[in-house]
Amino acid sequence: NDLLQQLGLEKPAVPQEEVVKQWESEQAQLKLQLVEGDTEEWQTAPGFAGLTRVGGVDLSFIKGDDRRACAQLVVLSYPELEVLYEDSQMIDLGAPYIAGFLGFREAPCLAEAVHRLEQSDPSCLPQVIFVDGNGLFHYREFGLACHLGVLAGLPCIGVAKNLLQVDGMEDKQEHQHKISLLQKGGDSFPLKTRSGRVLGQALRSSDKSTKPIYVSVGHRISLDTALRLTHACCKYRVPEPIRQVGAGKGRGYRSVSQREGGLKRPCAFPLIVSISRTPVSTMR
């Protein structure tokens, strides 16, 4: 790497502290565009009348390689929850993972998938996107679902399978007690900070699943609507748009390999590029 830098073929890595400082500033600017309420007619209509397409996105990593990944988008019909569209693209991530800034690493690639669909078949564009990750339930109230929502300009819902340890939340024992009080599918309780601000809801998504999922606003939707729609999209513990992304991972890798000859393409990042050639952390 030193030789490549001397030859001018590779840019020197930017120190992580500088990356964090810049990302904090850019995250704050993006957050100014965030909309926390309902903006679409279907969101307040009985039975979500007018909603016909729901999307799900995820990034899948190849074992042992945290730079190459498969960016996936699925679109399902609503309320049938049948797959209408799938897109899988192998990408080369140019940004490192830094805790609290997952959006800078993953959101641009996922937004690209949405924009490809918008250009190729706008009639299939999802009216709302479920994101496998957090939205407002985040250290600085701007998780991956918020980041993607602002970049894509679409309503987004964050759905996390595990509880993020946000400062100011209740202790583990109290949280487990509240989970034990969820008796049936659709039961939920708010995720509050010490100041009383509600950042999301813990939802028991089905009668058969006792482990909750964590729902939060991503963009252009209220928490109440996000919670009701998430439950409406759950056949099992995880809402179908996210579950179908997971179910399609194997066939996604195969189709990408056949379509692109196994080659990966770089992911275009509108913010910081070529920050580091080595991963800062293996954590996600």
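Five aromatic pairs occur in the structure, where rings of Phe, Tyr and Trp (its six-membered ring) pair if their centres lie within 6.5 Å, with planes under 30 degrees apart counted as stacked, over 60 as edge-to-face and the rest as tilted. This is a predicted model, in which local features need pLDDT of at least 70 and side-chain atom pairs count only at pLDDT 80 or more, while totals for chains, interfaces and linings use all residues. Residues are numbered from 1 along each chain as its sequence is written, and side-chain values use heavy atoms, leaving out hydrogens and water.

The ring centres of Trp 23 and Phe 101 are 5.9 Å apart and the planes stand at 45°, so this pair is tilted. Because Trp 23 belongs to helix H2 (residues 16–31) and Phe 101 to the loop between strand E3 (83–92) and helix H4 (102–120), the pair ties together parts 78 residues apart in sequence; helices (H or I, at least four residues) and strands (E, at least two) are DSSP runs, numbered from the N terminus. Trp 23 and Phe 101 are buried, that is, under 20% relative accessible area, against over 50% for exposed and in between for partly exposed (1.4 Å probe, protein chains only). Ring pairs join Trp 23, Phe 101 and Phe 104 in a cluster.

Phe 48 and Tyr 78 have ring centres 6.4 Å apart and planes at 80°, so they are edge-to-face. Both residues are buried.

Tyr 78 is also in contact (heavy atoms within 4.5 Å) with Val 54, whose other contacts beyond four places in sequence include Val 128, Phe 130 and Pro 241.
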